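Let's take a walk through this protein model, starting with the overall fold and ending with the charged pairs. Keep the structure open as you read.

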Amino acid sequence: MGIRFSIFVFALLFSVPLVKGVSVWEGLIDKPIYYVNIEGYSLTGSPPWNPLNDSSITWINIGYEYNETHTFNKYYEGGKWKEGYFSKHGNPKPFNLSEWNLSKVLKEYQWGVENYLPNISGEHWEKGYWNSTITRWEVTLSASKFKVVLYGGHCGECEQYIIFECWREGNNTTCKWEKPAFKAYSNVPPIGKETTENTRKEENKICGPGLLIGLVLLPALLERRTNGKR
């Protein structure tokens, strides 16, 4: 009986799909890059240890040099790598990832994850908030800038985030962790001043026909984000 049970448990463990990370390196080809954009969602509250290669990544978009009006893009979406041609915006400078001192960038970022984030406290956050309550995060990478934005937990009608940013000029790379930011939306009344009428209006917005419209438009918005984000 014991042997059979052990075999059953062993088989069950191997039948459960493992969480597989996705890496920016998987989307690299031999062409100059204009930009790299990455998005991820944390299920544990922790920031990604390596935002270029992590199991919480849900979207990657790498724009390559193509012609005067379009970029060739390799993008990761829905668990698969895809290809497409997107409209070119502005006048981005082409670069290769090898031009960045990414080992230095990741070392300083990871130092902050271990030593800076756990010790931040302030008016809106208790100590330990910024390394345990991350909901989503973004990375933008260009020829001269590497930027990670970590977003804190949901706080109602507000936004809270902290930024790690690096700048490259030639062979020199400098990095800096910013202080966390808290921004309340301007149309929100002060805490404790909400009226019954305001509450009723919000309930109507959530439960009324607007919800149905939002559900109908959601696929189109997602497609627009994929095709338009740089």
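What follows is a short tour of the chain, its cores, its aromatic rings, its disulfide and its salt bridges.

## Ground rules

This is a predicted model, so local features need a pLDDT of at least 70, side-chain atom pairs count only at pLDDT 80 or more, and totals for chains, interfaces and linings use all residues. Residues are numbered from 1 along each chain as its sequence is written, and side-chain values use heavy atoms, with hydrogens and water left out.

## The overall picture

The protein chain comes out at 4 helices and 11 strands. Both kinds of element are DSSP runs numbered from the N terminus: helices are H or I with at least four residues, strands are E with at least two.

Of the chain's 230 residues, 36% count as buried. Here, buried means under 20% relative accessible area, exposed means over 50%, and partly exposed is in between (1.4 Å probe, protein chains only). The accessible surface of the protein chain is about 14800 Å², and 57% of that belongs to carbon and sulfur atoms. Those areas come from the Shrake-Rupley method with a 1.4 Å probe; for residues, only the protein chains shown count as cover.

What share of the contacts with a separation of 6 or more comes from residues 24 or more positions apart? In this protein chain it is 55%, with contact meaning heavy atoms within 4.5 Å.

## The nonpolar cores

The largest nonpolar core has 37 residues, and Ile-38, Phe-146, Leu-150 and Phe-164 touch the most other members. At least two residues of this core come from each of β2 (33-41), β4 (57-65), β5 (70-77), α2, β7 (136-141), β8 (145-151), β9 and β10 (172-177). A nonpolar core is a set of buried Ala, Val, Leu, Ile, Met, Phe, Trp, Tyr and Cys residues joined through side-chain atoms within 4.5 Å.

Leaving aside neighbours within four places in sequence, Phe-146 is in contact with residues including Pro-51, Trp-100, Val-105, Phe-164 and Cys-166. There's also a second, separate core of 5 residues, which includes Tyr-151, Tyr-161, Ile-163 and Ala-181.

## Aromatic rings

The structure holds 15 aromatic pairs. Rings of Phe, Tyr and Trp (its six-membered ring) pair if their centres lie within 6.5 Å; planes under 30 degrees apart count as stacked, over 60 as edge-to-face and the rest as tilted.

Take Tyr-64 and Phe-72: their ring centres are 6.4 Å apart and their planes sit at 35 degrees, so the pair is tilted. Both Tyr-64 and Phe-72 are buried. Tyr-116 and Trp-177 also make a tilted pair, with centres 5.8 Å apart and planes at 50 degrees. Since Tyr-116 lies in helix α2 and Trp-177 in strand β10, this pair ties together parts that are 61 residues apart in sequence. Tyr-116 is partly exposed at 22% relative accessibility, while Trp-177 is buried at 14%.

## The disulfide

How many disulfides are there? The count comes to 1, using a cut-off of cysteine sulfur atoms within 2.5 Å. The partners are Cys-166 and Cys-175, with their sulfur atoms 2.1 Å apart. The torsion about their S-S bond is about 110 degrees, so the disulfide is right-handed. Cys-166 is buried at 0% relative accessible area, and Cys-175 is buried at 19%.

## Salt bridges

Side chains of opposite charge can pair when their charged atoms come close. This structure holds 7 salt bridges, each being a side-chain nitrogen of Lys or Arg within 4 Å of a carboxyl oxygen of Asp or Glu.

Glu-83 and Lys-74 meet in one of them at 3.7 Å, N to O; Glu-83 is exposed at 53% relative accessible area, whereas Lys-74 is buried at 15%. Glu-77 pairs with Lys-82, with the closest N and O atoms 3.4 Å apart. Glu-77 is partly exposed at 22%, and so is Lys-82 at 33%.

Arg-168 bridges to Glu-99, with the closest N and O atoms 3.2 Å apart. This pair links distant parts of the chain, 69 residues apart: Arg-168 is in strand β9 (residues 158-169), and Glu-99 is in the loop between β6 (80-87) and α2 (102-116). Arg-168 is buried at 14%, but Glu-99 is partly exposed at 37%. Elsewhere, salt bridges that share partners join Arg-136, Glu-138 and Glu-159 into one network.
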